[in-house]
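Please keep the sequence and the model in view while reading.

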Amino acid sequence: MSRVLSRNARFQQWQSYLTTRAKRTKAGLFLVQGVRPVSMALERGWPIESILVRSEGALSSWADGAVEDGRRSGAEIVSVAPDLMAELGERADQPPEVLLVARTRLLDLTGWTPDDPAPVIVVVDRPSSPGNLGTLIRSADAFGASAVVVTGHAADPFDPVAVRATTGSLFGIPVAAAAGPADVLAVVERLRAAGVPTSVVGTDETGDRVIDEHDFRQATVLVVGNETRGMSAAWRDACDVTVSIPIGGTASSLGAPSAGAVGLYEIARQRRPDRRGLVGDSTV
């Protein structure tokens, strides 16, 4: 077991993964903080470079288990001083027991076709907030989507804020990155060529129809636009239909994570066996 007890070059490299996207991208590494994200990464066999372990104090049974899981996977075990763990865990009040230095991994859309008979693919177009992106990934995982695709100039799914917001779902659902609609539409064409009817549906406050009037029982690409500007012109052109979410009160619109969650819930609702997929049936 190696040890890092001072702010040496290795610690500074880890620290840079918290604040600098270019460093994460160049190294292909990011930090995983929190009990559930660490557990999910190890449980799902995510590629781990190093397990960072607090050097002082007794470890819980969970931490001991995480270290053993990491050791079995071939990850390096590094003992790190508590004050340094507190900085890396961004928890000054309580140094975490275990952190992960994990490898970045994105789904390659080239040639990819979902295995699900009626897959749901969530496209997040140019999200600017890592927290919002992480929340959308969490919702996509919760409602059984096949993948999340982040398009355009967007927040980094491996930003620590995004990773924390997923509460481990980053390790449970494939996430891809694409410049624009072309790579996603290629997946749509492969599905249609295989005989799987597929629609591209955008969420928009001036949609063609209200969300529960659209039939989501077939394969769906659900497009959620940027927090302030909505979908790009390219994605608007790519959509087969746009849907709106009726709201009241003084709110002018829903935020992107909320709109995505509502859309995913409506898809899941229509596909529930006890609802028989009745379009327009708003019974919860």
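A crossing of two helices is called left-handed if the near helix is turned anticlockwise from the far one by less than a right angle, and right-handed if it is turned clockwise. The structure shown here is a predicted model. In it, helix 3 passes helix 4 in a left-handed crossing.

The residues in this contact are Val-35, Val-38, Ser-39 and Leu-42 on helix 3, and Trp-62, Ala-66, Asp-69 and Gly-70 on helix 4. Sorted by class, the residues where helix 3 meets helix 4 are five nonpolar, two polar and one charged.

Two packed helices are described by the angle between their axes and the distance between the axes. For helix 3 (residues 35–43) and helix 4 (residues 61–73), the axes come within 10 Å and cross at roughly 30 degrees. Angles under 35 degrees count as roughly parallel. Helix 3 and helix 4 are therefore roughly parallel to each other.

Another pair is formed by helix 1 (residues 9–19) and helix 5 (residues 82–89), whose axes lie 9 Å apart at an angle of about 20 degrees. This angle makes helix 1 roughly parallel to helix 5. From helix 1, the contact involves Phe-11, Trp-14, Gln-15 and Leu-18, and from helix 5 it involves Leu-84, Glu-87 and Leu-88. The contact of helix 1 with helix 5 consists of five nonpolar residues, one polar residue and one charged residue.

A record also covers part of the chain. UniProt, in an unreviewed entry, places the feature "domain: SpoU L30e-like N-terminal" at residues 8–99. Over residues 8–99 the chain is 52% helix and 20% strand, and the C-alpha atoms at the ends are 18 Å apart.

Is Arg-126 buried or exposed? Arg-126 has a relative accessible area of 18%, so this residue is buried. Glu-90 has a relative accessibility of 41% and therefore counts as partly exposed.

Conventions
Residues are numbered from 1 along each chain as its sequence is written. This is a predicted model: local features need pLDDT of at least 70, side-chain atom pairs count only at pLDDT 80 or more; totals for chains, interfaces and linings use all residues. Side-chain values use heavy atoms; hydrogens and water are left out. Axes are lines fitted to C-alpha atoms, for helices over the stretch in contact, and angles run from 0 to 180 degrees between N-to-C directions. Helices (H or I, at least four residues) and strands (E, at least two) are DSSP runs, numbered from the N terminus. Angles under 35 degrees count as roughly parallel, over 145 as roughly antiparallel, 65 to 115 as roughly perpendicular and the rest as oblique. Contact means heavy atoms within 4.5 Å. Ala, Val, Leu, Ile, Met, Phe, Trp, Tyr, Cys and Pro count as nonpolar, Asp, Glu, Lys and Arg as charged, and the others, Gly among them, as polar. UniProt positions are given in the numbering used here, feature names are shortened, and annotations may be inferred rather than shown by experiment. Buried means under 20% relative accessible area, exposed over 50%, partly exposed in between (1.4 Å probe, protein chains only).
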